[in-house]
Amino acid sequence: MRRRLSLRILAALLAMTTAAGAERRTAPASPTDPLGPWVPDFAKLQSGGFSGTFTVGVGYAPLHDLLNVAVLYGYVPAALGGSVHSLHFTLQVRPLSFSSHGVRWLPAYAGLGALCTWGADYFLVPPDRYPDDYYPPNACHASAHVGVELQWLPRRGLARAHGLYAELTTIDTLIIDYFQNPRVTAPADVISSSIGYRLAL
Amino acid sequence: MFSLAPWLAAFATGLSLTGCMTPTPFGSDVDQHELNTTASQRLKTPRSADSIRFVALGDSHDAYDELWEAVAVINRIADLDFVVHAGDISDYGLAQEYQWSARALSGLRVPAFVVIGNHDAISNGKAVYRDLYGPFDFSFRYGAYKFVCFNSNSLEFDGGAPDRAWLETQLADLQGAEWAVLVTHQNPEAPDELAGSEDSAFYERLLLTYPIALIVHGHLDDFELGEWHQVPNLQLGTFRKTHEFSIVSLSSGQVSEELCDANGCLSQSLERETSTDETPP
């Protein structure tokens, strides 16, 4: 029974991936990279997701947007628990997409990243005043996220897509603590939601 | 046709579960403030001016559930006056880590005081501690004892800790108390310190100058009961590893201690000639 269910799920996943590929192939023809290889493929504005209250980012979308590589700069003002500056480097896999009538829907994507900040008490290698192995690095944490995105595909103009997305993000130390301490921790403690706008060029 | 509804529903559920858009894990935003001040306000009048009983533990780090379980055990201890935590209530000094420890300790039926540890002082931890617990150095009088709780993390404060002038002032004026009890994170006898700071020599002078009944400290792995210049020096051990805490009784300047975990307590007197025996918590 369980094996049959697994086969059905596998078949469904294959069908979805094939459908997504078909969507890409049948998308309106456009130059692969009209602005040249050095101009980022997209820009983002975001709030939340552990990246900052106000976050801007740029990135590239190789393999026809199957992958997204991005760097986001985020800022949290002092009044909201800062002042914190951070950089979030992310790699995203976007295997599923469905297009219809100028709208593209990405029902699920996922990614990993490194969330970094800086300041007097942050370090990748502890300063010399500390004994060896006194602290692990605390300036960067591994992150993981999942998200959904809805894009509007304009017929003309520089923009290839205007996207609205929402994501759930966590970082290494918090999610580990969550699983190790189920009595004291809660999902809301370790997951941060975000909403954002993505402009594809 | 791929239905959108389940995805939307799942995502909406996810968003409502999170309940917030935490902008950063590196911030100092906390939902409680000045907990050490609150704890001092919650102190009750001592049953006896001369005899007090408190729990001491340290270095709980990321053992939040075990801390929560210890709180349940501590709440069953009779005639307990308060709890002191000798620091390292977090691993990375993150606000969320602080709040988990505070959440675990919030179940205590007696007041809890928390001293800053070295792990609490990295990342944005200094700002978080100030907001959540208050000043790095604080004191309170209880019966015949003045508890002087201070920041001894010299490396993390670039030599700014300990605040020697503050410590001297606190010990020079015991505000009517007969004895002082020092509570801190580093071992005063052998602290991790900046080269040339000679913190240990400073602490040694304090011991020889002022009526100090007891030193309580954390930072080091093992539980140890010792003396330094005839002053009992209680090293609490790392709670994260041992899940143990100490019940300390002070009476007329004399100290006795019970090492406890979830299963019970082992009594150990700081007067060496006293024998050891098992007692229930």
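1. Cys149(B) stands opposite Val183(B), a residue of S6(B). The model under discussion is predicted. Strand S5 (residues 145-150) of chain B pairs with strand S6 (residues 179-184) of chain B in the parallel sense, over 6 bridges.

2. An open sheet of 6 strands is formed in chain B, in the order S4-S5-S6-S7-S9-S8, with mixed pairing. Its edge strands, each pairing on one side only, are strand S4 (138-142) and strand S8 (223-228) of chain B. From one strand to the next, the twist averages 20 degrees.

3. Helix H6(B) lies across S4, S5 and S6 of chain B and runs at about 175 degrees to S5(B).

4. In helix H7 (residues 199-209) of chain B, the residues Asp199(B), Tyr203(B) and Leu206(B) are buried. Viewed down the axis of H7(B), the buried residues fall within an arc of 55 degrees, and therefore line one face of the helix. They pack against helix H6 (164-172) and strand S7 (212-217) of chain B. The face of H7(B) turned away from the buried side carries exposed residues, namely Ala201(B), Arg205(B), Leu208(B) and Thr209(B).

5. Between the chains, 43 residues of chain A are in contact with 34 residues of chain B. Among the elements that give two or more residues to the chain A side are strand S6 (103-117), strand S8 (161-171) and helix H3 (172-180) of chain A. The residues on that side of chain A divide into 22 nonpolar, 16 polar and 5 charged.

Notes:
Residues numbered from 1 in each chain as written. Chains lettered and ligands numbered in written order. Predicted model: local features only at pLDDT ≥ 70, side-chain atom pairs only at ≥ 80, totals over all residues. Contact = placed C-beta atoms within 7 Å. Helix = DSSP H or I, 4+ residues; strand = E, 2+ residues; numbered from the N terminus. Nonpolar A, V, L, I, M, F, W, Y, C, P; charged D, E, K, R; others polar. Buried ≥ 20, exposed ≤ 12 C-beta atoms within 10 Å, placed from the backbone. Arc of directions from axis to C-beta. Pairing = 2+ DSSP bridges. Axes fitted to C-alpha atoms, helices over the stretch in contact; angles between N-to-C directions.
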